Amino acid sequence: MVDYLAILPEIALLVLAAILLLVDIRLKEEGKDTLNWIALFGLVITFVLTILLAQPGEEEVIWGGMLRHDWMAFVFRLVFIAGAAFTVVFSRGWEAIGDRGEFYGLLVLSTLGMTLMGAAGDLVMLLLAIETASIPLYIMAGFSTKDGKSAEAGFKYLLFGAMTSAVMMYGFSLLFGFGGTTDIYALADAIAAGNVPTLPLMTSIILVLVGFGFKISMFPFHFWSPDVYEGAPTPVTGFLSTASKAAGFAVLVRVMLVAFPSVTVEWQTLLAILSAITMTVGNLVALRQTNIKRMLAYSSIGHAGYILMGVAAASSLGVISVVYYIAAYLLTNLAAFGFVAIYYKQTGSDEIEDYAGFSRRSPGLAFAMLFTFLSLGGIPPLGGFFGKLLVFSAAIQADMVWLAVVGVLNAVIALYYYLTVIKFVYLRRQEGDEVPFPVAKSQSLAIIICVLGVTFLGVIMAPMFELAQKVASSFF
Amino acid sequence: MDFILEPLNLVTFFPLVGVLLLLLLKNEQKKIARWVALVTALVTFGISLWVLSMFDASNPGLQFMIEEDWIQVAGWKIKYALGMDGISILLVLLTTFLTPIAILSTWKAIDEKVRDFQLFFLLLEMGMLGVFLAQDLFLFYVFWEFTLVPMYFLIGIWGGEKRMYAAIKFFLYTMAGSILMLLAILWLGIRQGTFFLPELIAKGGIPADVQFWLFLAFAAAFAIKVPMWPLHSWLPDAHVQAPTAGSVILAGVLLKMGTYGFVRFNLPLFPEAAVQLAPTMALLAVIGILYGAAVSYSQTDVKKLVAYSSVSHLGFVILGIFALNEQGIAGGILQMVNHGISTGALFLLIGFIYERRHTRDFDQFGGLWKVVPVYAVITLIVSLSSMGLPGLNGFVGEFAILLGAWGAGTAGGPLGTPLFAAFAAAGVILAAVYILFMFQKMFLGPITVEENKNIKDLNWRELLVIVPLLVFIFWIGLYPKPFFDLIGPSVSHLVEMLPTAVSTVLH
Amino acid sequence: MIPLSNYLIVAAGLFSIGLYAVLARKNAIMILMGIELMLNAVNINLVAFWRYLTPENVSGQVFAAMVFVVAAAEVAVGIALIMTVYRRRDTVSADEINLMKW
């Protein structure tokens, strides 16, 4: 019974996807935006069900070790489902997407894959989960077939994704071969017992990191993300940059901490260096961007670098910081791409310059945007600040002060380009900026929720912190 | 309810009441917005006076302490802690005193987006008060960073021509320093197990070499804020571009957050490093004094001149603090207040003339004495106070600082040589040169520019703005005892914590 | 009997050829085929390891079957995406598909 309750969210998502596809067939063209509501309510119900019924209990190992029913899986489930729900809201009315049943179906299936990624405790399951999450994303990125950029984004995303996942699978096959098991928890014992020679072990860790690195857009596997983020329909970009990235981190944290504790020092150093390079590259290149989606793409590479810092700490505080950062980052980045989507739908532009005078057109939205970008920049008292704080603390605690210093310098660079956006929104003017800016109610509500959430995470940290602590307790 | 009514909570967060009221207004309701802001600021000032009346000057410790657990999980001990002692009380009063004055000065000058302006102004006040009262490093940092946002907008929206450049430069410059401080704060919080300042001080025991780095990390944030030479380049831009009220608060209070930080955190937390680094800091301070004075002299824009003179004046404050003895630190703290009053007044006066002539260039003035006598007399008094004429407030602070620096310069003292005091004294003379130069250019001689003949003298509102400052210029100048009485006990308590410094004072 | 290492070497060679194709080839179809080669290498590894090391446990076989599934799904989606790009741009060369800079 526990087995079934534990995967209740997954079952609910599957049912939802099926409903969406079936209803789509029956609906007439005019009534297609009902699909949006169905998807939204379905996800909200799943979210509530997860909280009420699928909380981790005594039994952690379910489905013969394929899945883990722990706080890690639980928290990340909520993250993914919330991310999907916001994405649904921002997709509303988006051309060639907002009224397509298969789009919502793919979104939900991808979410299903991610929830399994967060819970997978076995290499086979992990492989399936990653692909279940990724393949729908390839299609979603290239969904606007009429838009050349979108098709190109999907195409590039697929080629890069398939390549890196093939490399990762090769790593999996080596791990299976040398460890003699596909269960990542049992793998740890095999490695600790010294059954795996060092060279194959290190090789397979690096191969596996290629796949994970792609998902979280870690240097040097980040090349795809600016193009894909720019080309993909903006709601999809929001989903890619938050939920998909979070899923990558969930897997990274679990596999690294569970399977390879006996070589912690080695991968820790590797990840610390990659973290430093990732954030520096992301932030420096972001400085020069004029397209807001590309800028946010590079900025999200920078954020991946910060979160990696928490992973590299390989400590309880490190995991806490990863979870907290991801929670805050989810809300802020979803809101950020939400603005971009809303703005694009109205003006047809993604150029930062065209945001001039936005604060006059929609003071409320501009104010929310200010909050969001300040949180991304790590200004107190917002969630992004506390996330950064925890990540830096984790690095300091793990005796990696140099990494914290790199992080701090990066935070200043990042602030510069966030301020640039705010500069255009608030301080510049352009013609026609007296015209009010219409925003759909559901979308402004979603943004309000994001902004309130971010503020909450910055002022009253204790609840989320305790949750993150529970996640950490499943590893330490 | 009791928690809200704690005196310090009331002082810090009362401006929020005004903010909430302002949020209900529209930008078009200019008059109401101004009045709401002014009344809020005045009530805040009133509350701070009430706190002052309850303040026990003989007690060197923290008073009105509020201590609540904020985040207490997984080895993190962050408290919501506010407290006030002799070091902070004058700065709190300065903040609550200057804010209504600055708001009143915007009555005519700010006519666009009035509500937003006042809103940011009150938020800024809240942030500054929080900085001066916070007794938990984490809370302090939150307030410290928070002040950046409203100031960014004050400069960026209502500033001069190059306002965006100035605003972003201001933000990034200060952020760069403070984020290094954040690292040091985190290090302390994690390694020492608490962020609560009194607990950290009591615990001590940080090895000297670590203290050195932590001191530098904190100093980076504070030195940029002060700003100390060579980190001052954001200041002239910010001042010149900021609206008058913004300049007043920037010079009057925001810069003091840096010098305050040195006294509050660097000295007691890292006493050994403070002693070790005192000569370096004093050297930078003296360079700042001389450099600021020299550069002031070559300016043609009055506002820029005053901005650079701030670098010079705050050099004195830093010198006083790092004399590490009672006279020096007490003089430094009083000088923070003096500088706030005099420079604040100077910026107000520049603002008045700018509103009339829309220029700040020396060449555009000359002979104003005959046209606007009241304005000229007031400017003369403020200028004299700024250059440290005996009988006015500037003298008292600078004299105490020089005494302190001289004392610290005796053999075995933390500064080691009296040269610092000597060069700083030369700075006083230079100050006289550039200030009198400015005065002569603007007010004496014949009227050269036609438009200047019809300038109106100060009106009642402007007098109302400037006269309270004059009162304090004379009061502190003639009878500084009550002010020193407030500062004294806390400072001697602080000096006792500096092991080496105490022995030198006794010599 | 052929030792395990021979299988692994063949797989490694196949993987390298596939990786080379992915990195060096311009034609999108060829890149996809390279990826297929890499996945085949994975399968050879999995089956060989299973047969030699853990024949009593089916997980290796299951793993290999799953890789087939994944490969098939990726190719299906991949061809479809290449088709859309081809329809719009009349090319399947990765070089020429560059509306955005890499």
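This report walks through the chains, their contacts and a few backbone details of the structure above.

The coordinates come from a predicted model, which scores ipTM 0.93 and pTM 0.87. For chain C, the mean pLDDT is 86, and 92% of its residues reach 70 or more.

**Chain A as a fold**

Let's begin with chain A, whose secondary structure comes to 20 helices and 2 strands. Its C-alpha trace spans about 70 × 55 × 40 Å along the principal axes. How does the radius of gyration of chain A sit beside that of a compact globule? Chain A has 21 Å, which agrees with the value near 23 Å that a compact globule of 476 residues would have. Of the 476 residues, 67% count as buried. Among contacts in chain A with a separation of 6 or more, 80% are between residues 24 or more positions apart.

**Where the chains meet**

Chain A touches chain C through 32 of its residues, which are in contact with 35 residues of chain C. On the chain A side, α6 (123-141), α7 (148-179) and α10 (224-231) each supply at least two residues. Which of the elements gives the largest share of that side? That is α7(A), with 17 residues. By residue class, the chain A side divides into 18 nonpolar, 9 polar and 5 charged.

Chain A also meets chain B: 23 residues of chain B are in contact with 27 residues of chain A. Two or more residues on the chain B side come from each of β1 (63-73), α6 (137-146), α7 (148-158) and α8 (163-192) of chain B. Here α8(B) provides the largest share, 13 residues. The chain B side divides into 21 nonpolar, 1 polar and 1 charged.

**Two domains in chain B**

Chain B itself is divided into domain 1 (1-269) and domain 2 (271-507). Their centres, taken over C-alpha atoms, are 22 Å apart. The contact between them takes 45 residues from domain 1 and 52 residues from domain 2. On the domain 1 side, α4 (86-109), α10 (208-225), α11 (234-241) and α12 (244-269) of chain B give two or more residues each. The most comes from α12(B), with 14 residues. In composition, the domain 1 side has 30 nonpolar, 12 polar and 3 charged residues.

**Backbone details**

Most residues other than glycine have a negative phi, and most peptide bonds are trans. The table gathers some departures from that pattern.

| Site | Feature | Value |
|---|---|---|
| A:F219 and A:P220 | cis peptide bond | omega about -5° |
| B:W229 and B:P230 | cis peptide bond | omega about 5° |
| A:A96 | positive phi | phi near 65° |
| A:S217 | positive phi | phi near 45° |

Where do these sites lie? A:P220 is in the loop between α9 (198-215) and α10 of chain A, and A:S217 is found in the loop between α9 and α10 of chain A. In chain B, the loop between α10 and α11 holds B:P230. A:A96 sits in the loop between α4 (71-91) and α5 (101-119) of chain A.

A:A96 counts as partly exposed, because it has 14 C-beta neighbours inside 10 Å.

Notes:
Residues are numbered from 1 along each chain as its sequence is written. Chains are lettered from A and ligands numbered from 1 in the order in which they are written. This is a predicted model: local features need pLDDT of at least 70, side-chain atom pairs count only at pLDDT 80 or more; totals for chains, interfaces and linings use all residues. Two residues are in contact if their C-beta atoms, placed from the backbone, lie within 7 Å. Helices (H or I, at least four residues) and strands (E, at least two) are DSSP runs, numbered from the N terminus. Ala, Val, Leu, Ile, Met, Phe, Trp, Tyr, Cys and Pro count as nonpolar, Asp, Glu, Lys and Arg as charged, and the others, Gly among them, as polar. Domain bounds come from an automatic or database domain assignment. The radius of gyration is taken over C-alpha atoms; the globule rule is 2.2 Å times the number of residues to the power 0.38. A residue is buried if 20 or more other C-beta atoms lie within 10 Å of its own, exposed if 12 or fewer, and partly exposed in between; C-beta atoms are placed from the backbone. pLDDT is the predictor's confidence in each residue, from 0 to 100.
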